[in-house]
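Hi,

Here is the structure I promised to pass on.

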Amino acid sequence: MDEELAMLRHLIGQLQELLHNASPPPPPPPPSSPSSFYLLHHPHYQNRWCLPCIEETSADDCCDIVMAAGKRPGIFKMLETAKPPHVKRSRKERRSFTQGDDDTSGNMDQEIWQEFPQDLFEALLSRLPIATFFQFRTVCRNWNVLIDSDSFSRCCTELPQTIPWFYTITHENVNSGQVYDPSLKKWHHPVIPALPKKTIVLPMASAGGLVCFLDIGHRNFYVSNPLTKSFRELPARSFKVWSRVAVGMTLNGNSTSHGYKVLWVGCEGEYEVYDSLRNVWTKRGTIPSNIKLPVLLNFKSQPVAIHSTLYFMLTDPEGILSYDMVSGKWKQSIIPGPPHLSDHTLAECGERLMLVGLLTKNAATCVCVWELQKMTLLWKEVDRMPNIWCLEFYGKHIRMNCLGNKGCLILLSLRSRQMNRLVTYNVVTREWTKVPGCTVPRGRKRLWIACGTAFHPSPTARA
């Protein structure tokens, strides 16, 4: 960031020198001003341009200034126009200026900002919130094609993972997704045109910004980036399995450019692994005989991935079944669940395995969180839902469904005949948050979430 900021200072210094040669030096900013700005004026341009004084601005503030641009196509709002108070523009002139038809703004952009370093642009834009980045794509053609740039993809890969989003489907419309953004507490309604329309397609797993779907009608697999609509239909499986299957997904490296793998496992112990680099199903086989068959999986609990290992929850015997995507080894751990537990599901936070479930005793019900102790292989309670929320469940037959967890954030659906509530739980901050209801676009009809999976939004992930 220091190197990027130095480049930005150098560019703005050149800009000040250029304008200084054509006009008197601007007065220094008043010392009482909370933010220092230089007013730069050129006699050939009617507009005044406001630039921040970089010497007194932090690197984060500088990023925020650049990130604020892009709401109006063609206008880079880091240069904020300020009209003289005695000048009034007609509505037609204002509209023309807003749409970027003003010759002076075009000249400023062309003469000064065309030399702005491209790598600095990419470094700054990669730090934008995902929703804001897609607004920025309308600024110019170069920013619109950043998604296909290898250098921009590397910038995004080097950043820490963002807060996960949740791709869900509803009972009312199983062929279109509803995506929840926890940072904005907002629902999005993306459409993936390549997904089949005449059958139910379920989101099963995710990795690196990609979501894996299963067509339960024909048992076909699809992988797509919900943000960019990048899509791939996986080749047909060699096994013809019509029973329920559990699906997990991992990356080969730290991004989809290194490839990814998809694993499905059936109740009879059959399984296959898909390799995206070779575009084939490999490692076809059956779970070793030392693991009890048939495999009684808890299908309400989604598999979780920690590095290259996938973890599945067993119901009989109670415990965890794991598979290492690199070594191809299966392992079974017998772990008894906490008493009075129901509707439990696996979760993960960093390298920790978590368990989330309903703890019901008499007429009282509460959502509790446990962590697996590596030494004793026992579940230890670490948190539970606030008591005032649990009181609302008293005497009600509550059912819990996990709609996905990744990056220490879990989305839960809590239902009864009298209520339907969505909540998120952050394992790190131990914060419980109510999720706003999902409604149809431009409507008031509330949708009922059926299932979902968490994924890290990425504008550069390619199926």
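First, the ground rules. This is a predicted model, so to speak: local features need pLDDT of at least 70, side-chain atom pairs count only at pLDDT 80 or more, and totals for chains, interfaces and linings use all residues. Residues are numbered from 1 along each chain as its sequence is written, and side-chain values use heavy atoms, with hydrogens and water left out.

On confidence (pLDDT is the predictor's confidence in each residue, from 0 to 100), the protein chain has a mean of 76, with 68% of its residues at 70 or more. Residues 29-84 are below 50, though the model gives this stretch 107 contacts (heavy atoms within 4.5 Å) beyond near neighbours in sequence. Residues 96-106 also stay under 50, with 13 contacts beyond four places in sequence. Where pLDDT is low, the predicted coordinates should not be read in detail.

Now the cysteines. Taking a disulfide as a pair of cysteine sulfur atoms within 2.5 Å, the count is two. One joins Cys349 and Cys408, with the sulfur atoms 2.1 Å apart. The torsion about its S-S bond is about 85°, so this disulfide is right-handed. It links distant parts of the chain, 59 residues apart: Cys349 sits in strand β20 (residues 341-349), and Cys408 in the loop between β24 (399-406) and β25 (409-415). Helices (H or I, at least four residues) and strands (E, at least two) are DSSP runs, numbered from the N terminus.

The other disulfide is Cys366 to Cys390, with sulfurs 2.3 Å apart. Cys366 belongs to strand β22 (residues 364-373) and Cys390 to helix α9 (residues 387-390), so the bond ties together parts 24 residues apart in sequence. Cys349 and Cys408 are buried, and so are Cys366 and Cys390 (buried means under 20% relative accessible area, exposed over 50%, partly exposed in between, with a 1.4 Å probe and protein chains only). Counting bonded cysteines along the chain, the pattern is 1-4, 2-3.

Finally, the sheet. Four strands make an open, antiparallel sheet in the order β20-β21-β22-β23, where strands pair if DSSP finds at least two bridges between them. β20 and β23 (378-384) are the edges with a single partner strand each, so one side of each has no neighbour in the sheet. Seven bridges connect β20 to the antiparallel β21 (residues 352-361), and Ser342 stands opposite Leu358 in β21.

Cheers
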